[in-house]
Amino acid sequence: WRDGKPAQEIFREVVEQQNFLEVLDRVTDLLAEEGMMVERDAGIKGSSGVEYIFNIVVSDPENPGNLAGLNLLIGDNVFNKVFELSASKRDVNVKVVLASMKPFPEEVISLGELYGITLIQSNTAAGLVEKLLEIM
């Protein structure tokens, strides 16, 4: 009982996870409809030999070197997520993108700029795809 969570918190986490999967599915489908090559839960190998896993790895079939690793953010741990992605950004020679349905706080935007992580935000999956295509 001591380590238990209230039912309301568990329900909120389940709903967040379901929303995350729905948005990820929609983003994947929309990118494919735009003619992009899309892989889910795929890795990009860094120069160190370490493979970094992203929610979506997307590339332009007309320019395969134009590659991006995208992670979709759920929850409120955005600062930690940007910091975690900074290690992969230093090691891979591709765009590293963090996408969110919620606006990013100013300090997170500054941190993303510092580490070279592209932050995109939109209220819809289609909006996220549109912004991703703009930077590709």
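In this predicted model, Asn 55 touches Phe 20, Leu 24, Glu 39, Arg 40, Asp 41, Leu 70, Asn 71 and Leu 72, leaving aside residues up to four places away in sequence. Asn 55 belongs to strand E2. With a relative accessibility of 15%, Asn 55 counts as buried, because the cut-off for that class is under 20%.

One of the contacts of Asn 55 is Asn 71, a residue of strand E3, which covers residues 63-72. Asn 71 also counts as buried, because its relative accessibility is 5%. Which atom of Asn 55 does the side chain of Asn 71 reach? The side chain of Asn 71 comes to 2.8 Å from the backbone nitrogen of Asn 55. Beyond four places in sequence, the residues that Asn 71 touches are Ile 53, Phe 54, Asn 55, Lys 81, Leu 85, Val 97, Leu 98 and Ala 99. Asn 71 and Ser 100 are separated by 29 residues in sequence, while their C-alpha atoms are 8.8 Å apart in space.

| Residue | Strand | Relative accessibility |
|---|---|---|
| Asn 55 | E2 | 15% |
| Asn 71 | E3 | 5% |

The next topic is the nonpolar interior. In soluble globular proteins, nonpolar side chains tend to be buried together. The largest nonpolar core in this model holds 20 residues, and Val 27, Leu 31, Val 58 and Leu 132 have the most contacts inside it. Two or more residues of this core come from each of helix H1 (7-33), strand E2 (51-60), strand E3, strand E4 (95-100) and helix H4 (125-135). The greatest share is that of H1, which gives six residues. Another core lies apart from this one; it has 17 residues, including Tyr 52, Phe 54, Leu 98 and Phe 104.

Leaving out residues up to four places away in sequence, Val 58 touches Leu 31, Met 36, Met 37, Val 38, Asn 66, Leu 67, Ala 68, Leu 132 and Met 136.

Helix H2 comprises 14 residues, 78-91.

Conventions:
Residues numbered from 1 in each chain as written. Predicted model: local features only at pLDDT ≥ 70, side-chain atom pairs only at ≥ 80, totals over all residues. Heavy atoms only, no water. Helix = DSSP H or I, 4+ residues; strand = E, 2+ residues; numbered from the N terminus. Buried < 20%, exposed > 50% of the residue type's maximum accessible area, 1.4 Å probe, protein only. Contact = heavy atoms within 4.5 Å. Polar contact = N/O pair within 3.5 Å; in protein donor to acceptor, adjacent residues only side chain to side chain. Core = buried A, V, L, I, M, F, W, Y, C linked by side-chain atoms within 4.5 Å. Expected span 1.5 Å × (residues − 1).
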